[in-house]
Amino acid sequence: MAAKPINGEMLLLARNRRGKTQKELATGTGVAQAAISRIENGTRDVLSLEEIQSIARFLGFPVSFFYEQELLYRTPMSLHGAAFRKKAAVSAKDQHAVIALANHFVFQFRRLLDAIDLEPEYPLLQFEVVDSHSSVSEHASAVTSASMAALHVRASWQLGDTPIGNLVRYVESTGILVVEGDFGEADIDGVTLRPAGMKPVIVLNQNRPVDRKRFSLAHEYGHVVLHPYPYEAMEKEANEFAAELLMPRSGILADLKRGLSIPKLGPLKQKWRVAMSALIYRAKTLGVIPDESATRLYKQMSMYGYRTREPKEFDIQPESGKLSRQLIDLHMEELGYSLEELAHALRTDPIEFAQMHGLAPPENVTKGADKPKLRLVASRD
């Protein structure tokens, strides 16, 4: 009987998830590096049971994880943060670990969605920024700027020009899964994957302040609605989209024109739920204050230490999503899975699965009964 083939993409995902090189994996398992390389490159697909068990133990994944045959490992449509700022360096190892984490979430969500009919409350709009000589694809609407696209999104959410409360809930209500993950030391704010056959998944750095996570989410959502493929201007457009989505010109202009100072920025931060530094930049880009005034305010923030940590008294309340947790709860409460059974079905260690989704550690196993298909409405409520 022929040995069951190993999926090199799953091995690559698991290795990057743990931040290990091929050499480190070979040293820790006794499996030849050449064999590991061939498996990941697709030129070999068989290891002995002892070898794959050694790899599974070393990387902390069930053996069954490596035999999943679906092609799942994908590069992101966006990797937002210092990785793309010229003066900051994010190692390839850290980038690969964050991308692998996002792929791990996608792997789990794809299987969770198999039992669910997900019905979004709002449509996921698609736009392309064009000029008078451009044309748009069949499934997108033309806009002349990223700001215009943000206004269309706000209109579809029936927000007018008021501040957005829980941005996560609105994004989820279009069927997008939003989760937070541990990015370790990687100076990356967020990552978005667009898996085949399902809506995009956005993973945010759980270690960022709330105001920064909100801007990162708005930025990533800008990629989702504007960029079916990457191009040079996409990061600038995503930032423009995020600024208009969170701080619409028609709504915030009056607040900014009342005069900006460090004491006034705090209450404005709490109202618009964005960073004080973001308010200064928005005022500058809207022409409310000149560059010199913005520079003076930034210097004052630096003098008080606010560029590193903005005043605690103006902190905004954390936002939480519910869609990913609902997927898990439906499986555990309606379909009868225990946490350990669900983790096993998703080819993940139960303790790690609980950590990824903010659940209590597993205690015991309960047997599930029949597991019908369920219906889940993705809404902002």
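## Helix α12 and what follows

Gly 287, with a positive phi near 80°, follows α12, where helices are DSSP runs of H or I with at least four residues, numbered from the N terminus. The model is a predicted one, in which local features need pLDDT of at least 70 and side-chain atom pairs count only at pLDDT 80 or more, while totals for chains, interfaces and linings use all residues. Residues are numbered from 1 along each chain as its sequence is written, and side-chain values use heavy atoms, with hydrogens and water left out.

Within α12, the buried residues (under 20% relative accessible area, with over 50% counting as exposed and the range in between as partly exposed, for a 1.4 Å probe and protein chains only) include Met 276, Leu 279 and Ile 280, together with Ala 278, Arg 282 and Ala 283. The cover over these buried residues includes α9, α10 (249–257), α11 and α13 (291–303), contact being heavy atoms within 4.5 Å.

## Packing of α11 against α12

The axes of α11 (residues 262–272) and α12 (residues 276–285) come within 9 Å and cross at roughly 105°; such axes are lines fitted to C-alpha atoms over the stretch in contact, with angles running from 0 to 180 degrees between N-to-C directions. The two helices are therefore roughly perpendicular to each other, a label given to angles of 65 to 115 degrees, whereas those under 35 count as roughly parallel, those over 145 as roughly antiparallel and the rest as oblique.

On the α11 side the contact is made by Ile 262, Leu 265, Gly 266, Leu 268 and Lys 269, and on the α12 side by Met 276, Leu 279 and Ile 280. By class, this contact has six nonpolar, one polar and one charged residues, in a scheme that counts Ala, Val, Leu, Ile, Met, Phe, Trp, Tyr, Cys and Pro as nonpolar, Asp, Glu, Lys and Arg as charged, and the others, Gly among them, as polar.

## His 227

His 227 is placed in the loop between α8 (210–226) and α9 (234–246), and it counts as buried because its relative accessibility is 2%. Its side chain makes a polar contact with the side chain of Tyr 231 at 3.4 Å. Leaving aside neighbours within four places in sequence, His 227 is in contact with Met 77, Arg 194, Gly 222, Met 234, Glu 237 and Ala 238. A polar contact is a pair of N or O atoms within 3.5 Å; within protein, one must be able to donate a hydrogen and the other to accept it, and residues adjacent in sequence count only if both atoms are side-chain atoms.

## Phe 107

Phe 107 is placed in helix α5 (residues 92–113) and, at 0% relative accessibility, counts as buried.
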